[in-house]
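Welcome! Please take a moment to look over the sequence and the 3D structure below, and then let us walk through them together.

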Amino acid sequence: MVLSDLTVSLLLAVLPTCAIAFGLYSTYRQWVDSSTRDIHYPPGPPAGSFLGKASIFPTSRPWLTYVEWGKKYGDILHLNIYGQHIIVLNAVEDAVELLERRSGLYSDRPKDPMITLMGWDFNVELMPYGQQWRAHRKLFQHCFRSKSSIAYRTLQSAKINDLLYALLTRPGDFRSHCKETASAIMMATLYDNDLKPDTTDYFTKVFDEGVKRAGNDDIAGVTFLKLFPILRYLPTWSPGARFKRSASGVKQLADRMRDIPIDYVGKGLLNGTVGPSLVSDLLENCYVQKEFDMVKHLATSSCVGGIDTVASSLTSFFLAMALFPAVQKKAQEKIDMSMGMERLPTFNDRTALPYLEAIYRELMRWAPVFPLITAHVSTEDDIYKGFYIPKGSNVVANVWSMTRNEEKYPEPEAFNPDRFLDAEGNLNDDDTVLTFGFGRRICPGRHMATATLWLAMVSVLATFDIRKKTDENGKEIPIDRDYADALRSRPGPFECSITPRRGNSAKLIREVIHTISPESTIGSDTR
Ligand code: HEM
């Protein structure tokens with residue numbers, strides 16, 4: 001037997017022993033902590049035997065299980081999975097107190113050696129709380145804070161006009177149009193305001209491949225590696241190192257996502273062939289490699305975080321309108337009353353349309369893109385409401401539970417924008433969109449995402465009717481409200497009929513397409 005084989009065999013023999021020792025140690029810590037301090041972890045489901053601990057962890061739609069456990073154990077839950085403490089927060093007040101008011105303690109992210117192996121350490125969302133994250137976050141604030149996001153409105157309007165045109169000519173593909181719109185806005189803002197449709201499609205493909213491969217369960221679920229980071233030094237060829245071979249495949253795709261679009265901008269700047277963009281502005285002010293890398297990370301993280309999320313919400317909007325026609329009708333009346341019927345809406349109409357704002361809030365409540373927010377990790381021991389939250393806990397806000405709070409939102413599965421309005425029809429103060437997260441890690445792209453979604457919704461409602469499809473007997477075909485069982489939620493397949501609302505809808509759309517947007521990036525029809 002060669003020495004390296006021996007090493008591998010030894011490792012494989014030693015690991016189960018280590019796992020048992022680790023489990024015993026964590027149980028011992030738990031006992032020491034609670035007995036000496038006279039404080040306890042928050043309640044939670046019984047862990048069972050040591051080897052059974054992982055089996056309590058819900059693998060399918062965990063947010064629903066946490067709601068059920070919440071009814072039995074309370075709003076703050078504790079799970080201990082092989083020594084990893086997980087705190088689930090089912091109530092908004094607790095998330096605000098811990099993740100916002102005590103954000104100095106709760107802003108780290110889980111450490112996962114796979115992130116570096118997979119080449120995903122560019123992603124600001126996964127960066128540990130520290131200097132590097134702070135520098136990136138500052139750049140994000142600079143580019144995407146509320147005021148800066150106004151600069152992207154012309155592009156957003158043009159791409160949303162393209163969406164209207166695509167719905168007019170190929171309504172059956174509305175789902176792809178949602179994704180294409182989200183993609184076109186993000187890519188053109190970042191890489192080239194005049195980005196050609198073919199290049200947008202190519203970049204989107206590069207991102208889709210990278211994200212899909214990284215989300216592969218085979219790779220993401222390598223819990224053993226989290227417990228024993230030393231395993232990352234296993235040679236790639238050795239037995240038990242399949243995760244390393246997979247990770248290297250993921251890394252190649254991650255490198256393509258990071259490098260291909262930015263190389264396009266870099267070359268375009270040298271040759272004078274690229275239009276203005278956020279990245280080209282930032283690159284003009286880069287003097288050292290570190291600054292250049294930050295721009296790359298910003299752009300790649302924005303595409304990873306800001307395309308499928310926006311596309312998911314936009315698709316949910318079509319679902320909500322098909323399922324709740326009375327809401328749709330009321331919104332259309334409000335639009336007609338406020339701006340007439342002879343033009344398309346613009347961002348300037350926003351303040352005059354509180355009912356549309358309420359639809360936006362209700363959409364984000366009814367179909368939160370993140371039912372569970374990306375885990376925040378605590379960097380110090382803490383006591384909250386008499387419970388002990390140890391340093392290194394993964395703290396997860398259960399937005400699903402918060403948005404289904406029946407005291408605040410009666411009949412939570414009904415799509416009812418009126419919950420955000422007072423008796424006079426003015427917006428109430430319930431204006432926090434929980435699915436954007438909390439505290440120092442709150443989504444920095446939320447202003448841009450909100451603007452895209454608002455204008456898309458109001459423009460579609462002004463020009464189209466969205467209905468359930470009917471069968472040959474004119475009977476409505478029911479739609480299932482089915483969502484993918486994924487941490488980033490999206491509606492499952494459904495069909496609806498999308499038809500121009502009035503005689504002048506098509507004319508209005510064709511007019512803006514020809515005057516504002518000479519080259520549509522959404523859909524490939526000739527017009
Ligand atoms: C509907 C659209 C979107 C939703 C629902 C959403 C949601 C979220 C959530 C839940 C987080 C984690 C927050 C936390 O840990 O508390 C997050 C982080 C992030 N989002 Fe978004 N997002 C959206 C759009 C965008 C857009 C358009 C961009 C880019 C312009 C973006 C970029 C990011 C980045 C970079 C982070 C990491 C922040 C950090 O860890 O410091 N997102 N987003």
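How do the residues of the shell around the ligand divide into nonpolar, polar and charged? They divide into 14 nonpolar, 11 polar and 3 charged residues. Keep in mind as you read on that this is a predicted model.

**Around the ligand**

- The shell around the ligand holds 28 residues, and G305, G306, G437, C443 and G445 come nearest to the ligand.
- The largest share, 4 residues, comes from α14.

**A closer look at C443**

- You can find C443 in the loop between α18 and α19.
- UniProt, in an unreviewed entry, places the feature "binding site" at C443.
- Is C443 buried or exposed? C443 counts as buried because it has 23 C-beta neighbours inside 10 Å, and the cut-off for a buried residue is 20 or more.
- If you leave aside its neighbours within four places in sequence, C443 is in contact with F436 and G437.

**The nonpolar cores**

- In soluble globular proteins, nonpolar side chains tend to be buried together.
- Here, the largest nonpolar core has 98 residues, and those with the most contacts inside it are M118, V279, L356, I359, M457 and V458.
- The element that gives the most to this core is α19, with 12 residues.

- Most residues other than glycine have a negative phi.
- K385 is not a glycine, yet K385 has a positive phi of about 50°.
- Where does K385 lie? K385 lies in the loop between β4 (382-384) and β5 (387-389).
- K385 counts as exposed because it has 11 C-beta neighbours inside 10 Å, and the cut-off for an exposed residue is 12 or fewer.
- E411 is another residue other than glycine with a positive phi, with a value near 45°.
- The place of E411 is in the loop between α18 (399-403) and α19 (446-463).
- Why is E411 exposed? E411 is exposed because it has 9 other C-beta atoms within 10 Å, and 12 or fewer is the cut-off.

Key
Residues are numbered from 1 along each chain as its sequence is written. This is a predicted model: local features need pLDDT of at least 70, side-chain atom pairs count only at pLDDT 80 or more; totals for chains, interfaces and linings use all residues. Helices (H or I, at least four residues) and strands (E, at least two) are DSSP runs, numbered from the N terminus. A residue is near a molecule or strand if its C-beta atom, placed from the backbone, lies within 6 Å of it. Ala, Val, Leu, Ile, Met, Phe, Trp, Tyr, Cys and Pro count as nonpolar, Asp, Glu, Lys and Arg as charged, and the others, Gly among them, as polar. UniProt positions are given in the numbering used here, feature names are shortened, and annotations may be inferred rather than shown by experiment. Two residues are in contact if their C-beta atoms, placed from the backbone, lie within 7 Å. A nonpolar core is a set of buried Ala, Val, Leu, Ile, Met, Phe, Trp, Tyr and Cys residues joined through C-beta atoms within 7 Å.
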